[in-house]
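Trainee: I have a structure to go through with you. Can we take it one contact at a time?

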Amino acid sequence: MPSAPGGPRLLLRRLREIMAEPVGAQDRLDRIVIQIAANMVAEVCSVYVMRGDGVLELFATEGLNRAAVHHTVMRAGEGLVGLIASTAEPLALSDAQSHPAFSYKPETGEEIYHAFLGVPLLRAGNTLGVLVVQNRTFRVYAEEEIEALQTTAMVLAELIATGELQALAPVETGIALRRPVHQKGTALADGVGLGHVILHEPRVVVKNLIAENVESELQRLEHAIGEVRASIDRLLERGDVAHHGEHREVLETFRMFAHDQGWLRRMREAVTSGLTAEAAVERVQSDNRARMLRQTDPYLRERLHDLDDLANRLLHRLVGRDLVVERGLLPENAILVARSMGPAALLDYGRSRLRGLVLEEGGPTSHIAIVARALGLPAVGEVANVTSLVEQGDAIIVDGAAGEVQIRPSSDVEAAYAEKARLRARRQEQYLKLRDVPSVTKDGVPVTLQLNAGLLVDLPHLEDTGATGVGLFRTELQFMIAERMPTATEQQNLYSAAFAAAGDRPITFRTLDIGGDKVLPYMQAVEEENPALGWRAIRIGLDRPGLLRAQIRALLKAAAGRPLKIMFPMVATCDEFFRAKALVERERNHLSRHGHVHPSDLKLGVMLEVPSLLFQLKEICAVADFVSVGSNDLMQFLFAIDRENRRVADRFDPLSAPMLRALSLVAEQAKASNCLATVCGEIGGRPLEAMALIGLGFHSLSMSPAAIGPVKAMLLALDAGEVGALIRRELEHAGGGDTLRPKLARFAETHGIPV
Ligand code: PEP
Ligand code: MG
């Protein structure tokens, strides 16, 4: 087997010299392939570069016909070169022509070469091209030669990344580095954001690839590995691991990988071949990334992801940079891109410079999604591999309504979205004009429009939407985004701050609604077959009264001298309400005994979200000060559809006869009992559904901030009596599960009601 003269170290040194030479792009590439061919004792060395249209084009060659340069092209998957590009793996063959994927390109004159070794040009997990060497003989390439060519490929990938070769590509396509990518994910928070990528954990771009002194690079690598191991141990010991979404399990995996001999050996070998410590980490990371992008097993992909994160930590150690972007360094129009992120980290960035958020993880009910919605920040989650697909500073568009992202969009896509964003902004302006217009229907029915909130960042929306108060304050959000159980004082402080922010507007606090999908990371999870039907909300509150009482006390104290409204979630029987009310009484006595100021007025209500309460309406309306329909859970339990399960969640329509009849029962009984009935589930914020609710007799709705404007615009054009009559008429004749949606939509259309 012929050995390379001078080995990979000498080659890297020569390449460094060539990179520094003041020559044009084509010249530089030509010199590089000559050098590689000589060093690898190969008759041929060729570079294929991936164009923006996904076609691989021969950019330079030593040994093949020169005339083929910029003429020979391969589609992805075509021929051996296409195969390497699509698998992102090296391919070594002693007889290329007998391989089934071999595709003969006569213009290259390659028929005389038998042995073939090709490696992908990888950067940040993307294949930018393919580097090939060929020999006339039927030789077998050694493992070290494959490694050496991969190391060389890194230098070439870096050259492509500088953009220097852009000028050599056809204008229409460019090279793949800047190719637009469209990815689908899950909508987390509505809105459209245009801006530039800010990686929450910025990748280190390794510029210094070639080692001056291999020994000292090896030492740097060992030192950094030691530091990373120690930092993981420290985090695990602290036990305080919820920060930045670093859960114990991930850290345990990090620790395992940090001691993985295979991984460490590959990095050490890469240094020995002449790379700097950081280039060696990146070299091994690139292979890992390529595997990750192809991995279809979600568990294995997660683990490769963990290894990728660990390599990032190592890179940051080596170049001495912080792992997380500093707030002060955030540019305008930043779109945060992260694998995952804790809610506290997002809040730390502040809202003013952010235009959007894109996550690889994070479903619609994740805590980060809750915070993004509270901030009014367009967000998309579950975007596969997005951190590998973007570069810091790339143009990116987040469509939080469709759950899509456009990475490096073409100018027409960008223009279309900019128009969409402008339209939204214009509509917002129109809604803003309605802010101080009294919320009364055309036939004179006043409708109270309130906000759903849960964090302090929600409360400024009271002012900008003109909402008359907070109809649902989800107190569990404070618990969900905290790293540990909030103390009684912390709870009281939050409620006081909420009162202060709301001014004269009333707030209806809902007591802790945890369990089911709302999990507290620091609380021991109870294994349940059906958590949605399990130990949750008021059930926990009554079984563990200490928790509920502490919260009630915090609410009473915070309200000192002000009116206070408290409601209890998931109440299934009147008895549960009585027991909760008794706890409030105890706390009121406690307040009196200790000379605290009482709320100026106290109203106690229930969420109506468990269907059993529909059959105790008269009784509950007689004892509760108000009922608030939680339509999200009511739909879930009425139709037996898991609201978290996308297969079934939207299977039935809230505007269908069964749900409308249930809602109608509530509205009628509340009216008869002179008990206030509100709707605080999502349907209250959708104009068409809100139109039906008003028709049924609900004159108080609570919704997300963005919904206030559209709902108000709808009701100002509505004759409540007329739509009520239509619904009653239709419900009399509606069979089984008929939906009234088309009829209601037609009614809105013919009456010029914006829905
Ligand atoms: C509901 O169930 O409709 C509701 C408002 O409560 P949550 O969505 O918080 O369960
Ligand atoms: Mg609910």
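Trainee: Which side chain does E62 meet in a salt bridge?

Mentor: Some ground rules come before the name. This is a predicted model, where local features need pLDDT of at least 70, side-chain atom pairs count only at pLDDT 80 or more, and totals for chains, interfaces and linings use all residues. Residues are numbered from 1 along each chain as its sequence is written, chains are lettered from A and ligands numbered from 1 in the order in which they are written, and side-chain values use heavy atoms, with hydrogens and water left out. A salt bridge is a side-chain nitrogen of Lys or Arg within 4 Å of a carboxyl oxygen of Asp or Glu; at 3.9 Å, N to O, the partner of E62 is R66.

Trainee: Is R66 buried, partly exposed or exposed?

Mentor: Buried means under 20% relative accessible area, exposed over 50%, and partly exposed in between (1.4 Å probe, protein chains only). E62 has 25% and is partly exposed. R66 has 47% relative accessibility, so R66 is also partly exposed.

Trainee: How many salt bridges does the structure hold?

Mentor: Some of them join up. R303, D306, D309, R339 and E361 are linked in a network of salt bridges. For the structure, the count is 43.

Trainee: How far apart in sequence are the parts that E476 and R510 tie together?

Mentor: E476 and R510 form a salt bridge, with the closest N and O atoms 2.5 Å apart. Helices (H or I, at least four residues) and strands (E, at least two) are DSSP runs, numbered from the N terminus. E476 lies in helix 15 (residues 476-481) and R510 in strand 17 (residues 507-510), so the parts tied together are apart in sequence by 34 residues.

Trainee: Which residue forms a salt bridge with R536?

Mentor: R536 is buried, at 1% relative accessible area. The closest N and O atoms are 4.0 Å apart, and the partner is D513.

Trainee: Which residues are the protein donors of the magnesium ion?

Mentor: Donors are N, O and S atoms within 2.8 Å of the metal (3.2 Å for Na, K and Ca); water is not among the atoms, so sites may look incomplete. Here the donor atoms, OE and OD, lie 2.0 to 2.2 Å from ligand 2.
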